[in-house]
Each structure stands twice: as C-alpha cells, then as structure tokens.
Amino acid sequence: MRSKTMIVSWALALFLSSFRGEGQGKLTVTVKNIKDAGGSVMVGLFDAEDEFLKNPKFGQSVKARSGEVTVVFEGVPAGDYAISVIHDSNENEELDSNFLGMPTEGFGFSKDVMGMFGPPSFEKAMFRLEGKDRFDAAPLGRPAQGRLFD
C-alpha cells in the first residue's frame, strides 16, 4: 500500500510539473547578425539594475552559427528584464576588447539599444514579460569595426 501511494504521489508531481506556474512564460530570444560559426553565443537575462551585466537571473550558452541562433528560457516569472548577448568567439567567457577598450567580439542588448560610451542602462534595455510567451531579437554589433548593426 505504501509503495502504491508513493507511485501515485510521484505520478501526480510529474503531471503537475508539466504545467507552467501562474505568471510564468517562455522567452524565446533570436540572436541575429552572427558573423561566423566560431565559439559560442552567451545570452544573459537580467532582472535588476544592480545585477545587470554582472549576475544574470537566467543564462544560456549555445554553439555559434553564422546568421542566427535561438535560445529559449522556460518558466520565466513575470517581471522586468533586460537581455545581454556576447558572441564569445574564442570561448574565454568574456567580452574581449582592443587597446582602446572597444569590444572586438559581437554583442547586443534587448530592444537593440546601445550606450553612448559603454553598455546601455538596465532601464534602456528593459522590457516587461507578462507571464505569457514572448519572442525577442537581439542583433549583434561590432563597434570596434565601425559598424553597429547590419
């Protein structure tokens, strides 16, 4: 009897876990303008100004592919978020820069925003996730090469 109760409990738990919690959604991010297939593309999803570009709430890294890649975040609670993307072509897990401090690897942000002398603020890149499925695009740019976005 006890083992039947455990089996029913596990089955119920698995069944219930297949549903998303209320107020949670799926965020699909398409990273565009990837120039080459070397390295990986790192996508960070941030939910606070003080954590922006430091400690993502959610993060994924996928193999780079020329053109575009898609990353899916499941079960993301409703709230305000900003996306940061880096094409880590040499896979050293950081955004490389030249002697002037300008990035030499592709990068981008949600809402296709850029900062004037550095990254944009969380507020400028922020969007609201309402607990429903959402699709966003984050084009990559290479300012050190003189062109922000294609």
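Mentor: For a lining, residues are sorted by type: Ala, Val, Leu, Ile, Met, Phe, Trp, Tyr, Cys and Pro count as nonpolar, Asp, Glu, Lys and Arg as charged, and the others, Gly among them, as polar. The model is predicted, so local features need pLDDT of at least 70 and side-chain atom pairs pLDDT 80 or more, while totals for chains, interfaces and linings use all residues. Residues are numbered from 1 along each chain as its sequence is written, and side-chain values use heavy atoms, without hydrogens or water.

Start with the pocket. A pocket is an open set of points on a 1 Å grid over the protein atoms alone, where a 1.4 Å probe fits, with protein on both sides within 12 Å along at least five of seven lines; a lining residue has an atom within 4 Å of a point. The largest pocket has a volume of about 590 Å³, the volume being the space filled by probe spheres set on the points, which are joined across faces, edges and corners. Its lining has 27 residues, and those closest to the centre are Leu-53, Leu-95, Phe-107, Phe-109 and Pro-119. By type, the lining of the largest pocket divides into 19 nonpolar, seven polar and one charged residue.

Next, where the lining comes from. Helices (H or I, at least four residues) and strands (E, at least two) are DSSP runs, numbered from the N terminus. The protein chain has two helices and eight strands, in the order α-β-β-β-β-β-β-α-β-β along the sequence. Strand 2, strand 3, strand 5 and strand 6 (107-109) each supply at least two residues of the lining of the largest pocket. The largest share of that lining, four residues, comes from strand 2.

Strands pair if DSSP finds at least two bridges between them. Strand 2 runs antiparallel to strand 3, and six bridges join the two; in this pairing Val-43 stands opposite Gln-60 of strand 3. Strand 2 also runs antiparallel to strand 5, with seven bridges between them, and here Leu-45 stands opposite Ile-83 of strand 5.

Val-43, Leu-45 and Ile-83 turn up again in the largest nonpolar core, among the residues with the most contacts inside it. Such a core is a set of buried Ala, Val, Leu, Ile, Met, Phe, Trp, Tyr and Cys residues joined through side-chain atoms within 4.5 Å. The largest core has 18 residues, and Val-31, Val-41 and Phe-73 complete the list of those with the most contacts. Strand 1 (24-34), strand 2, strand 4 (67-77), strand 5 (79-88) and strand 7 (127-129) each supply at least two residues of this core. A second, separate core has eight residues, including Ala-82, Phe-107, Phe-109 and Ala-125. Of these, Phe-107 and Phe-109 were named above as close to the centre of the largest pocket.

That leads to the rings. Rings of Phe, Tyr and Trp (its six-membered ring) pair if their centres lie within 6.5 Å; planes under 30 degrees apart count as stacked, over 60 as edge-to-face and the rest as tilted. The structure holds five aromatic pairs. One of them joins Phe-52 and Phe-122 edge-to-face, at 5.8 Å centre to centre and 70 degrees between the planes. Phe-52 is in the loop between strand 2 and strand 3 and Phe-122 in helix 2 (residues 122-125), so this pair ties together parts 70 residues apart in sequence. Phe-52 is buried because its relative accessible area is 7%, and Phe-122 is buried because its relative accessibility is also 7%. Phe-107 and Phe-109 form another edge-to-face pair, 5.9 Å centre to centre with 70 degrees between the planes; Phe-107 and Phe-109 are both buried. Ring pairs link Phe-46, Phe-52, Phe-107, Phe-109 and Phe-122 into a cluster.

Finally, look at Glu-51, in the loop between strand 2 (40-46) and strand 3 (58-63). With a relative accessible area of 28%, Glu-51 is partly exposed. The C-alpha atoms of Glu-51 and Phe-122 are separated by 9.0 Å, while the residues are 71 apart along the chain.

Technical notes
Buried means under 20% relative accessible area, exposed over 50%, partly exposed in between (1.4 Å probe, protein chains only).
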